Amino acid sequence: NYLTPPVWMVRFAKFEGSITQRAEQYYVYICGDGKVYPIHHKLPESKPGEYLNEDEARKIAYSVVRADYNLDPAALKEISVESTKLPSRRDWEIIFSDQKNYPLKKGEARIRVNIAGQEVLSSNRYVHVPENWSRENQNRETSIEIIEDFGFILNLAISLIIMATAIWYWSRKKFSVQAFFLTFAILFS
């Protein structure tokens, strides 16, 4: 439930009107079987809205968790509550961890709820990967890439040496086609 399958993203936007009207957009994510994931609504920063306090924003986030994911917010661990004050409203991002239903050895199943004023812009489930695991994975991939690059450069250098040697022998009329193809087959494999 926390890993999103491959989806189509359909973006709805206006291309005429004021900058404020064009900044408002909707993102709809549709799975191959036609299932629609929660819609993400993007608002312009200047659009007016409410200045909710933290408790009011939390109540809205709790109602979203109940309605969209059929979970009891009391069973979730609150990870962060961040507010962003804009000229005409206050936005909130509230993140919960679902350790009870989806305990993971590394990482956490999480739910994010974004609120602009009193309007819920988006909510989504995802798996949070710890930063140290990401770094270790990146280091492992980098080591493999270095070895692959070294092998490619070594193969290229050997191929160039063989080609230069083949040209030299060919120019002296001592070229062996059998030896050339045997060496080429070994390098290719």
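Contact in this tour means heavy atoms within 4.5 Å. The model is predicted: local features need pLDDT of at least 70, side-chain atom pairs count only at pLDDT 80 or more, and totals for chains, interfaces and linings use all residues. Residues are numbered from 1 along each chain as its sequence is written, and side-chain values use heavy atoms, with hydrogens and water left out.

**The whole chain**

Begin with the complete protein coloured by secondary structure. Four helices and seven strands are present, where helices (H or I, at least four residues) and strands (E, at least two) are DSSP runs numbered from the N terminus. Their order along the sequence is β-α-β-β-α-β-β-β-β-α-α.

Next, turn the model along its principal axes: the C-alpha atoms fill a box of roughly 90 × 50 × 35 Å. The radius of gyration is 29 Å, whereas a compact globule of 189 residues would have one near 16 Å. That radius is taken over C-alpha atoms, and the globule rule is 2.2 Å times the number of residues to the power 0.38. Among contacts with a separation of 6 or more, 45% are accounted for by residues 24 or more positions apart.

Switch to a surface display. The accessible surface comes to about 13600 Å², and 58% of it belongs to carbon and sulfur atoms; these areas come from the Shrake-Rupley method with a 1.4 Å probe, and for residues only the protein chains shown count as cover. Of the 189 residues, 24% count as buried, where buried means under 20% relative accessible area, exposed over 50%, and partly exposed in between (1.4 Å probe, protein chains only).

**The nonpolar core**

Now select Val65, Leu71, Phe96, Ile111, Val113 and Ile115, which touch the most other members of the largest nonpolar core, a set of 17 residues. Such a core consists of buried Ala, Val, Leu, Ile, Met, Phe, Trp, Tyr and Cys residues joined through side-chain atoms within 4.5 Å. The elements giving two or more residues to this core are α2 (54-69), β5 (90-97) and β6 (108-116). Its largest share, six residues, comes from α2.

Centre the view on Ile115. Which residues is Ile115 in contact with, leaving aside its neighbours within four places in sequence? They are Leu52, Ala57, Ile60, Ala61, Arg90, Asp91, Trp92, Val120 and Leu121.

Select Gly32 in the loop between β2 (25-31) and β3. Gly32 counts as exposed, at 72% relative accessibility.

Move on to Gly49, in the loop between β3 (40-42) and α2. Is Gly49 buried, partly exposed or exposed? Its relative accessible area is 31%, so Gly49 is partly exposed. Not counting residues up to four places away in sequence, Gly49 touches Ser88, Arg89 and Gly117. A distance drawn from Gly49 to Ser189, 140 residues apart along the chain, gives 65 Å between C-alpha atoms.

Finish at Asn70, in the loop between α2 and β4 (77-85). Phi of Asn70 is near 55 degrees, a positive value in a residue other than glycine. Asn70 is exposed, with a relative accessible area of 70%.
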